[in-house]
Amino acid sequence: MADENKSSSPPPPGNEPKPGAGKQSGSVEPLPPADKPAPVSNPAPTSTSEPKPAAPPKPGGPESAGATPPTKPPAPAAAPPKPTGPVPVAWESGMVNKLRGQYGSGIEALTCLGQNYIVADSSLTFELLQVMRDEEEFDYCVDVTAVHYPKREKQFDLVWILYSFPRNERVRVKTMIAENETFPTVSNIWPTANWLEREVFDMFGIKFEGHPDMKRILLPDGWKGHPLRKDYGIIEQDKEWVQINLGIESGQ
Amino acid sequence: MTPVATSFFFYLLSGLALLGGVLVITRRNPVHSALALILTLLALAGIYLMLYAPFVAGVQILLYAGGIMVLFLFVIMLVNIGRAEKEKQFNKQWIVSFVAAAVTGLLFVWILTKSPLLRQIAQKAPMQLPEASNTQDVGNLLYGQYMLSFEIASLLLLVAIVGAVVMAKKRI
Amino acid sequence: MTADATKYLSHLELGERDETFLDSNELIINMGPQHPATHGVLRVILKLDGEKVLGTECVIGYLHRGVEKIAEHRTYTMFNPYVDRMDYVAAVSNGLGYCEAVEKLLNVQAPPRANYVRVILTELNRIASHQLWLGTHALDIGAMTPLFYTFRDREEILKIFEKYCGARLTTHAFRIGGCLYETYDGFERDVKKFVDFVTPKIDEYEELLTTNRIWVERTKGVGYISAKDCIALGVTGPVLRASGVKWDIRKAQPYANYSEFDFEIPTGQNGDTYDRYLVRLVEMRQSLRIISQAVERIPEGPIMAKVPKVIKPPVGEIYHSIEAPKGELGYFIVSDGSTQPYRIRVRPPSFVNLQALDLMVRGALVADVIAVIGTLDIVLGEVDR
Amino acid sequence: MLNYVTSYLNSNVTPGQAGNVFWAFVYIMVVFAGISLAVVAMNWLERKALAHMQVRLGPMRVGPHGLLQPIADAIKLLLKEDIIPDRADKAVFWAAPFMVVMAAFTTYIVVPFGPTHAITDMNIGILFMLGVSSLGVLGIVMAGWASNSNYPLMGALRSSAQMISYEVAMGMAVVSAVVMTSLNDKGVGTLSMIGIVQAQQQQGIWFAFKFFPLGFVALGIFAIAMVAETNRAPFDLPEAESELTAGFHTEYSGFRWSLFMLGEYAAMIAVSSVAVTLWLGGWLRPFPNALSGSGWDFVFSLFPGFTFLILAGFAFLGVIRMPKHPYFKAETLGLAGFAGALGLIGLILFIPPVRDRIEDIYWFIAKVAVFMYLYIWYRATFPRYRFDQLMKVGWKVLLPTAIGVLIFTAVLGVTIK
């Protein structure tokens, strides 16, 4: 599968005119990269060459900065910029439109810092992932992970980072779930999710339904607590486990 | 070669052979039994040497002690020894077999001491076989006088090999 | 793996047992965590029928240090050295991935000269990593000598690292926004000399192994994995390429300034250990190509972009991945606008690649398990983090 | 008594054949000590040669150029704690290393270092050799089983299967050499080790070159099978470090472990001696027929002395290249002394009576040394075979070839005479 035509040529031609970079509203000025003549003049922000088919031109792209290439890169604003943060904007593409048509307001497709992501309702997410795999050819699940926001009502962000070999495109799918809420496993869709979900379970305590082997992967089986939760202190440990299994007072 | 301390080595080797034989049946652990059997076989090889039959001794070591017993051990090692050790070592007929063995032994002793024929042979016993040509003689006999039986025996072994393969592997 | 997963895998071969009357017990063997061939503290539980592998289970985590947790309690700058300790044989690559990810979050770009230095060092590190892999892999298969050859040549790379940044292994060579150190006098000369030195050495490794009958027998057809399975299992890097997928992040989604260089992506067809070996050898040669291009063109200019002393990225999240020697190394960083990352997730190539072990060794022999662990090129520091 | 001792000196046979217990005992002691010394030297040489093949130096610390390293190793091994695993079968665990060593050393009873320089000459010499060396596998199997652990058990299983398989091919190759001995007037061959060498002398050709290439192929088969028999690279599966940690001797330590090593190296020398005896003319010097005559005899008899002088020269070169620093004074002196001793031995070997007596032994050892070097070379060059490939090589390549060689040898022997 994964044909060569995508891999050998850098990004698909569709996104070349568009500078792609995040439309940072902040004052951090990107440095124009190519100021010497010899090499290929790469359009300003190569680092963010995430392909985004048919994205609308963003306002205030950095090409204005690239247009004034001094021999010395311009110093950024004298005062350290106040990070106001890039603002996510809606992500438009054929696929997104199709998905919107299918799920309506259940999903929200956004672009931030040149990267696309979809925030979906937790009830829709599994189906969405299945569709992404089977119909949209996102055949490679790069990563499954989670983020813990203890102050939120739905405490966990579950994140799937997907990549499509045929489209050479990355997308993140995010959903929110509450503590004690389970989520159906995607290890049936992408076998690679097997260990990744186990790690999420190990670190956050999120259980995946239907997972073939839902147990801890990095920490020992009898360990109590899930270390990547925000309420788990950095020097916290399962004292009891350490004392029983290692025969020492404390691991610290 | 002039023999040295013949009787000492004879008793030593036969003692070892007997000891090994007894250990084979009394040890509970099958690996120990197999090792005791190897001891017996080696002692027998020594006795063959003393009887000026070096070829038989060599074959005894090469085939029995070095080949067959290694295969024995190979199989035994894969057996669950823990279970074998818990099982009963002797079954109920041990009295019968003991009596039979004792009678046979007595019979041997009686023949050795009473039989005139054997006594005749025993008196002729110290016939010196020429060691130097022993192997050649064995070869001549096997491939001359006993050619047919030798070949039949090898055919039998071939059949046994094929049979073993067929029995061991369900699909070939 | 569940039965459903087979839909996405081309084969899920369950080791078939020979039917015999002599039914010996299945043997459960615990390989590791102390074992000469598990490359650290990997523990593999093998279910064997004689020498045949019926199934495996990897037990990992013996080197777990909670890097992701530590990251949440360090500033962005302070966390930088920690990433070197993950894949410690390719520390420079780890640092590149992390620095670029944070730079993306900050929307800063490293100056061109820094990019060139980064590319040179990263490619040197790729060669060093592959050399270490080749030596240990050959040692696992029983060929002792390549180990010493590769270590001899890897030493030259480490010398360059040491001259550049003072460290040989955990280099911490890059900083957010560029490189901290200007190249030392004679850096270009050293790198050129190294390229000239190591090019014939790679032929030397090949001479020892590529046509060696035993080596070919031990590696051809061993640890086969198809392209479909690779993608389904998320396996990346040389393993994926050896299965015939021409995919390399340096080409597919170029980072740093890789788009400026001319190089090939080697691929194999058979997806076996031998092809992976060949692919990695060609990769070393291609890396040398990149290095010699880069060192010719290295521009003058600043080596560090202007970044604030206190790095405080705006609220947001970023996923940035690079082609580490072992596969796709990704950083998913969530920033809450403070000086400390809210969450850093490392997507380690070794961890994901190791998952394919079970599939690759089912029905093979014990000796093949060793060969496959070697060919996956895992580093337990990265698997466990 | 003195009479008994001196009477042997006039005889023309080995002490075993002469039935002289005193000299037999002396020979046994000399051979035992010599082999042990050879194993120690081999240990050093292997580490050094391997190191230089692998662009490193090898032992350099203990003594000049690490010459005393084997002694240091021996002391370390003897002083190490001797661990017997709790769940091991103690008696068998204890006996296994002795079995290996005994099997390896017993074979030397029939190894002919010269026409009279053997402990004894048995009518079944080569058969005895094969038989006793095959007992070594018993020790390995015992060790593997008695350790009561999975890795040693797997090592033992591999070892027994491997040795039995390769013994077959090995035996076939040996038989083809034995068949060659019968190509004389009487048509009677011999299994005696001395007889085999004498047959080569009579026929005026080393069996390796007889019916070329048949003898050479047979030697090749034997040379491969003997590597497998002694569990050395590339056939070192029973102790494959990267797979089975250390195979059958994983659980052994200290003295017992060193006995395994002793047995392994002694067995290596023993099988090499068999190869030399059967195919390379044993103690015969090169070209005994083509370059015959007292002049050539004299030239060839100078070889032992010159060899030692060359070795002494190398040692002196080492002395010259030693750093001129007080720290190295003791080492320099030691190396100089070593060189002096070698040179002295070389000079002694020029004395005519010594020269005549030692020449056979010299040529035998020189030929064996070539094989020992091959062992080291293999180890530096080859990866390890996998178990099924090993079996394939043994049964599907070596055995048919060996049978073919045997048949052709027999046919040629009958037709050509």
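**Exercises on chains C and D**

In chain C, 23 residues of domain 1 are in contact with 21 residues of domain 2, two residues being in contact if their C-beta atoms, placed from the backbone, lie within 7 Å. The model is predicted: local features need pLDDT of at least 70, side-chain atom pairs count only at pLDDT 80 or more, and totals for chains, interfaces and linings use all residues. Residues are numbered from 1 along each chain as its sequence is written, and chains are lettered from A in the order in which they are written.

**Exercise 1.** Describe the side of domain 1 of chain C that touches domain 2 of chain C.

*Solution.*
- Step 1: the bounds, from an automatic or database domain assignment, are 3-59 for domain 1 and 67-384 for domain 2 of chain C.
- Step 2: strand 2 (43-49) and strand 3 (52-59) of chain C each supply at least two residues of this side; strands are DSSP runs (E, at least two residues), numbered from the N terminus.
- Step 3: strand 3 of chain C gives the most, five residues.
- Step 4: by class, this side has twelve nonpolar, seven polar and four charged residues. Ala, Val, Leu, Ile, Met, Phe, Trp, Tyr, Cys and Pro count as nonpolar, Asp, Glu, Lys and Arg as charged, and the others, Gly among them, as polar.

**Exercise 2.** Characterise the side of chain C that touches chain D.

*Solution.*
- Step 1: 26 residues of chain C are in contact with 23 residues of chain D.
- Step 2: elements of chain C that each supply at least two residues include strand 1 (27-31) and helix 4 (112-141); helices are DSSP runs of H or I, at least four residues.
- Step 3: the side of chain C that touches chain D has 17 nonpolar, four polar and five charged residues.
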